Amino acid sequence: MIAAGCDVGSLTAKAVIMKGDVVIATKIIRDRSTPVESARAVMSEALREAGLVFQNINFCCSTGYGRHSIPFALMNMSEISCHAMGAFWAENSIRTVIDIGGQDCKVISLDSSGRVLDFIMNDKCAAGTGRSLEILSKCIGVPLEKLGPVSLKSWRPVLITNKCSIFMELEVLQHMYKGKRTSDIAYGINDAVARRVVSLGRNVDMRYEVAITGGVSKNVGVVRNLEKLLDIRFKPLGVDPQIIGALGAAVFASLELKKLRNAEVAI
Amino acid sequence: MITAGFDIGTRFVKVCVAKDESILGYAIEETGKDMRKIIRGAYKKALERSGVKKRSVERRMATGYGASLVKRANGTVPEAPCVARAVHVLDPEARLAVDVGGLFINVIGVNPRGFIDGALTNDKCAAGSGKFLEMVSETLSVPFQSISDMALKSNSPYSINSQCAVFAESEIISQINAGREGSDILAGVLKSIVLRAITLVERSDSSGRVALCGGISKLPAFRVMFERMIKDNTYLPTVDPQIIAAYGAALLAGGRGGQRKNGASKSSAPDTPRPAGQR
């Protein structure tokens, strides 16, 4: 039985294909012009990786901001449930998930069966999301994926105090004019983003174990700063943190498949 | 006394050379990577235009976001007192100055003697600032001069849903891709700036004539929208509204602005307040 999860985010689209309880293919692509097109593209690439075709999918669940318009998805779940379920499936001791995506940021608290207890989300302001990292890294001329490693070399970090991404950009430029080292500014950027996330998460009860998901969790600098600020260690999940949402969707799809099969057996 | 005022903003460097209360010449330059050089260039240009030798400028005062970059300044002043002073000199009846610039909107109360009477600014978040306009005009490749004409043509301004300026950028781009008229988007952007300014005006409790200044108020479309939404009379300075703060800095450089021939009001206030910002 093939279950698929498709997560169409603001910057990237992710797909996960599961056979029974095993992940057989995952794929991440940059967004196309419409959510439908992105979903089609990412799913067909994932299917090619698994050596399957569209007709093989028994059940597909979609998530992400474009989830309502995916034609081949039979159901959709919110990103919050999917991130919670995906992280819980990967590591069942997880009770808190911090998800930092391209355009939003959320802190989710779960119970011992992977259900969402409480969450808080910021999708109104770009500060503390991947978007602000992208803008600021462009500003100092460091590629986004290098921002983490570069910041680790810093030994006299700058402090970025503004809360708004656009004002942060100005502040970064001022540091550049002053001739600060790129690594020190990179540290400041990661620190500023981490501080925004921490102040968001203050209203949610954070219990162990804590996992970090979403594209920004690939930035070592942000992750280390978060660990320092929250005084915790993140539990490694063993899967690419960027696909957790899609993974959760696939898990929901396979649960739905099991339910359907049990119903058939009962008949 | 010949003085010079430097206003180092987020988008433009403004330098104004003044003799007592009259403007001799001014220059506006876009900001860039090498700020020192740009400031020097703008100063030189302003001096040339006013026909004044550099050494005859007695005092220099700097204001704005990058005020500390002006090395030769005798001191730095916040923007609010500069704008208040300049607006007061240009129109003593104005009680509120609305300064709409590239990133910051300042709403400054001006008391009858030309001192600041409370100031508000959007210092936490760039939502609804001039940055929106810059992004859109860049994406639509509309030069600054024709923004106003285009915006005035629109019948159904598109109102932007996103709060955050960063998200608004992507929203605007997707609207352009979806084929929405550039004029509707521009009008919507101007409206969001006006709304932001109006909220700040409403939060300040002063009433009376409102002076519009800052680069954005050069746009007739902005003024039309602003005037439609505000109950008080507005006043547009007779000089270039973009250099108001630089002019104010030049005025403040000339000394204690509060001692203008205002004998009557002075006697009523025994404790003469120090001009705000002068250290």
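How many Å separate the centres of domain 1 of chain A and domain 2 of chain A? Taken over C-alpha atoms, 26 Å.

Ground rules, quickly. This is a predicted model, where local features need pLDDT of at least 70, side-chain atom pairs count only at pLDDT 80 or more, and totals for chains, interfaces and linings use all residues. Residues are numbered from 1 along each chain as its sequence is written, while chains are lettered from A and ligands numbered from 1 in the order in which they are written.

Back to the domains of chain A. Domain 1 covers 1-91 + 239-267, and domain 2 covers 92-236. Those bounds come from an automatic or database domain assignment.

Now the contact between them. Contact here means C-beta atoms, placed from the backbone, within 7 Å. Nonpolar is Ala, Val, Leu, Ile, Met, Phe, Trp, Tyr, Cys and Pro; charged is Asp, Glu, Lys and Arg; the others, Gly among them, are polar.

Next, a helix pair in chain A. The axes of helix 3 (residues 130-140) and helix 6 (residues 182-201) come within 11 Å and cross at roughly 170 degrees. Axes are lines fitted to C-alpha atoms, for helices over the stretch in contact, with angles from 0 to 180 degrees between N-to-C directions. So helix 3 of chain A is roughly antiparallel to helix 6 of chain A, a label for angles over 145 degrees. Residues in this contact include Leu133(A) and Leu136(A) from helix 3, and Ile185(A) and Ile189(A) from helix 6. The class count is seven nonpolar, two polar and no charged.

Over to chain B. An open sheet of five strands runs in the order 3-2-1-4-5, with mixed pairing. Strands pair if DSSP finds at least two bridges between them. Strand 3 (22-30) and strand 5 (75-76) of chain B are at the edges with a single partner strand each, so one side of each has no neighbour in the sheet. Strand 1 (residues 2-8) and strand 2 (residues 12-19) of chain B pair antiparallel over seven bridges. There, Asp7(B) stands opposite Lys14(B) in strand 2.

Last, helix 1 (residues 35-50) of chain B. Helix 1 lies across strands 1, 2 and 3 of chain B, at about 145 degrees to strand 3.

How values were computed: Helix = DSSP H or I, 4+ residues; strand = E, 2+ residues; numbered from the N terminus. Parallel < 35°, antiparallel > 145°, perpendicular 65-115°, else oblique. Contact = placed C-beta atoms within 7 Å.
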